[in-house]
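Here's a quick tour for anyone opening this predicted model for the first time.

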Amino acid sequence: ILKLQFLYLIDYLCPPFVRRSHNMQAATDRAVSPAEAVFAKVHSVAHFAYCQKESVAIKVAAYPTERLRLLMQTQHTNKTFTGVSFSTLRATLGHMRGEGSFAPWRGLTPSLVRWFPSQSIILFLKDNLNGHFPTYSKNENYAKWMGTKVGAGAATGVINALVWAYPFDVVRQHLATKNSGSWKNATSDIYSKFGMRGFYRGFVMDAPGLAIFRGVQLGGWDLMKEHYGSQWQEMGTTARFFHGQMVSLLGSVSSYPCDTIRRNLIGYDKHASYGEVFRTGIQNAGGVRRFFYAGFTARVLSSFVNGALLEGFDQWKVVREQARP
């Protein structure tokens, strides 16, 4: 699948030098020069890189709240910080201040290595998978039409995690929630305790969570665009951004319990079952809701990158089509 995605990307970056634009052909019936074709592709790639640069900048700025969320989410089973309360944002911030100036960004490197290619794969793969699902009319069969959109988004999330993102996320969490030092030390620690399987601990619970999150986020994004039709572009960037935030937060609310269980399983220093994690978490948290949604406030604060990414990628596709000769 990754090979197909790579070839798909190369097809857009390195096409035959001479193409005919349908609009240009109708107007002038002339071939596009090699220089025009190269300029169009460079402009398209540059715009895509600019959109990704904005998303990465937001990701770096928002990462401290992401680490806040990880500490609060795994506090009920994490033995590294025994006796430290992460029940509130203030308590967690106080602990992080005592770790040093760069403590809020602990685990950022594997997060960026995971995140940048991951988002590109997800957004390219989503458009491709949509074409492999049956086509239904929104007016004639709304339920099946909506199901195909959500299904394509769900499949995209699971495939991306399996082939690329998940091992980096495990290392990122190890750095953010344990005093393991460097990225190399965290990787060695995981491998020495659990072998290669350690980099996929919790994936059985993560797969349905990802399917729910990406299905709601990406499927909901496509549903909104098709629901508004021509009015979508008239809304403006800010309105579309908040629509992206809305579907992303809805996906987070729906999938967060699965994410909490698998992250607490990753935090165990020994082999543990999902049942053990579930029972221990509920007992220490004092209830199902407190355990399932621990740290969700910080998750909301760190989620602004999702709306920027969805809107930025769509804007790049518009520029790409306009620049294509």
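Twelve residues make up the largest nonpolar core: Ala-161, Tyr-166, Val-170, Val-171, Leu-175, Ala-186, Ile-190, Phe-199, Phe-203, Ala-207, Leu-210 and Ile-266. Two or more of them come from each of H6, helix H7 (183–194) and helix H8 (203–228). H6 gives the largest share, with five residues.

**Cores**
- There's also a second, separate core, this one with 11 residues, including Ile-122, Trp-221, Trp-232 and Val-305.
- As a general rule, nonpolar side chains tend to be buried together in soluble globular proteins.

**A look at Ala-161**
- Ala-161 sits in helix H6, which covers residues 142–177.
- Buried or exposed? Ala-161 has a relative accessible area of 4%, under the 20% cut-off, so it counts as buried.
- Beyond its neighbours within four places in sequence, Ala-161 touches Tyr-166, Pro-167, Tyr-200, Phe-203, Asp-206 and Leu-210.
- Ala-161 and Ala-207 are 46 residues apart in sequence, with their C-alpha atoms 8.2 Å apart in space.

**Where H5 meets H8**
- Helix H5 (residues 108–130) packs with H8 at an angle of about 60°, and the two axes are 12 Å apart.
- That angle makes H5 oblique to H8, and the crossing is right-handed.
- On the H5 side, the contact uses Gln-119, Ile-122, Leu-123, Lys-126 and Asn-130; on the H8 side, Arg-214, Leu-218 and Asp-222.
- Sorted by type, the residues of this H5–H8 contact are three nonpolar, two polar and three charged.

Methods:
Residues numbered from 1 in each chain as written. Predicted model: local features only at pLDDT ≥ 70, side-chain atom pairs only at ≥ 80, totals over all residues. Heavy atoms only, no water. Helix = DSSP H or I, 4+ residues; strand = E, 2+ residues; numbered from the N terminus. Buried < 20%, exposed > 50% of the residue type's maximum accessible area, 1.4 Å probe, protein only. Contact = heavy atoms within 4.5 Å. Core = buried A, V, L, I, M, F, W, Y, C linked by side-chain atoms within 4.5 Å. Axes fitted to C-alpha atoms, helices over the stretch in contact; angles between N-to-C directions. Parallel < 35°, antiparallel > 145°, perpendicular 65-115°, else oblique. Left-handed = near helix turned anticlockwise from the far one by under 90°. Nonpolar A, V, L, I, M, F, W, Y, C, P; charged D, E, K, R; others polar.
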